Amino acid sequence: MLSAGRSIISTPYHYARELLADGRGVLVPSRDPTALAEAVDRQLSDPDLLADHARRAAEYGRGMLWPSVARAHVASMRRAQAEQSDARRRVFHARTLAARSTELPSLNLSHLESLTDSTGLLQHAAFGIPRYEDGYCLDDNARALLLMALLDDADATEPRTMRQLTMRYLAFVRHAFNPEAGRFRNFMTYGRTWTEARGSEDSHGRALWALGVVVGKSRQPGWQSLAGQLFHDALPASGEFHSPRGIAFTLLGLDAYQQAFDGDRHVTALQDRLSRKLSDRFDEVAGDGWSWCEDCVSYDNARLPQALILSGHRLQDDVMVGVGLEALSWLTSIQETTDGHFSPIGSNGFYPRGGPKAAFDQQPIEACAMVSACFDAWRITGDDRWAKEMRKAFHWFLGDNVNQTCLYDMASGGCRDSIHADRTNQNQGAESTLSFLLALTDMARFATEIRLQSADALVSTERQRAAQ
């Protein structure tokens, strides 16, 4: 009934309370025919109420449709098969990691496209429907531009779709830059009016990060040229940043930029200065079992150690890499349940030093950041511990979490916004959807790296045999 989009009236047993929450139906007391009759009468006499309940029920029930259930069962059986096989045979580790790549959902940009109009990417959604009243922000359009650059580099999506979306997001980022202030604006209304002359350091850093990746990875010369021009116009402001995340996002952009222009002395000098500023923050604040650069672990956390790991690696500073790895290791230790699930710090209070950790509301952006940071830690160190942490964080999206609920919506291609104590937020906004898509892209890149390593190992073995 629910997946068919029908209004439901039920007594309040446990499963009914879960299914009919958030206005998806009506609960009446047990053994109360009068209450049941009144509820039926209200439904039949109010077509708008009846239609609203039916719409909410249909939206929630999509995941219960047989195709969705079948895909979930197949994914579950594949996980069980891979884990059982790994425990029984203990085969060559790279082969095990490669086998797990078959569990990855296919890339689906449908929901991202539905949130994108002729201006850019809308911020929020009510369930899977765009919320025009919330307008746009640079943060999300920069994340989307970053995603498209990575997909372009991997040749992972249909060229026409990739071109259309990339041009839309790059145009928005360009329009967001205020040359008079030398800063990016962040929030724009649906009526295309900027609400500020300059945005936060964090949003500015995210824009630099996305532009750096376009320069470093895009195969389109025109996009590279425009991104490079914007990157250099916006770069001076970052030298005065104080926000650890604004600094970290900028460092990620500087590292990506240098994949194309490794000899740029100005960029290298700025990278050295900003990375030492961030590293010094860790030295000043960390201590007594607290391996962090702030007195509160808040949001997008894994990006901070990730920036140190990448910057230290490029600057050939092993001490800086070590600081980043120590912070990332500590972060994984405080974001894990007793039974081994990834459990990010919740945004409902965060984690103040000496205080309690917020268990909820858990945000997809944290799992995305952890996947990405662990991927880079694995690439640089070769330590399979990071591969394990990477997979753990990614499977948080697919149900390996405290509520054992899947945040990724296979039907829409969107990702639900958060995990609350009693439910999963059913809205599928831009940040959460991009977080899943970016994590999925990193997992695909990881699988490719594993295949390449396996191929190289095979070639090396054959050469050794031939030499003998």
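**Exercise 1. Determine which residues are linked by ring pairs into a cluster, and how many aromatic pairs the whole structure holds.**

Step 1. In this predicted model, the cluster is made of Y132, Y136, F172, Y190 and W194, linked by ring pairs. The rings of Phe, Tyr and Trp (its six-membered ring) pair if their centres lie within 6.5 Å, with planes under 30 degrees apart counted as stacked, over 60 as edge-to-face and the rest as tilted.

Step 2. A search of the whole structure finds 20 aromatic pairs.

Residues are numbered from 1 along each chain as its sequence is written. Because the model is predicted, local features need pLDDT of at least 70 and side-chain atom pairs count only at pLDDT 80 or more, while totals for chains, interfaces and linings use all residues; side-chain values use heavy atoms, with hydrogens and water left out.

**Exercise 2. Classify the ring pair of W290 and W330, and state where its two members lie.**

Step 1. The ring centres of W290 and W330 are 5.0 Å apart and the planes stand at 65°, so the pair is edge-to-face.

Step 2. The pair links distant parts of the chain, 40 residues apart: W290 is in the loop between helix 12 (265-285) and strand 9 (296-297), and W330 is in helix 14 (residues 318-334). Helices (H or I, at least four residues) and strands (E, at least two) are DSSP runs, numbered from the N terminus.

Step 3. W290 is buried at a relative accessible area of 5%, and W330 also counts as buried, at 11%. Here buried means under 20% relative accessible area, exposed over 50%, and partly exposed in between (1.4 Å probe, protein chains only).

**Exercise 3. Classify the ring pair of Y408 and F436, and state which parts of the chain it ties together.**

Step 1. Y408 and F436 form a stacked pair, at 4.1 Å centre to centre with 15° between the planes.

Step 2. Because Y408 lies in strand 11 (residues 408-409) and F436 in helix 17 (residues 430-467), the pair ties together parts that are 28 residues apart in sequence.

Step 3. Y408 is buried, with a relative accessible area of 5%, and F436 is buried with a value of 0%.

**Exercise 4. Describe the salt bridges in which K392 meets E336 and E389.**

Step 1. A salt bridge is a side-chain nitrogen of Lys or Arg within 4 Å of a carboxyl oxygen of Asp or Glu, and a search of the whole structure finds 21 of them.

Step 2. The side chains of E336 and K392 meet at 2.4 Å, N to O. This pair links distant parts of the chain, 56 residues apart, with E336 in the loop between helix 14 and strand 10 (351-352) and K392 in helix 16 (residues 384-397).

Step 3. E389 and K392 meet at 3.6 Å, N to O, and both lie in helix 16, 3 residues apart, about one turn of the helix.

Step 4. K392 is buried at 16% relative accessible area and E389 is buried at 12%, whereas E336 counts as partly exposed at 35%.

**Exercise 5. Locate the salt bridge of D152 and R219, and say whether each residue is buried or partly exposed.**

Step 1. The side chains of D152 and R219 meet in a salt bridge of 3.3 Å, N to O.

Step 2. D152 lies in helix 7 (residues 138-154) and R219 in the loop between helix 9 (201-217) and helix 10 (221-238), so the pair ties together parts 67 residues apart in sequence.

Step 3. D152 counts as buried at 3% relative accessibility, whereas R219 is partly exposed at 47%.
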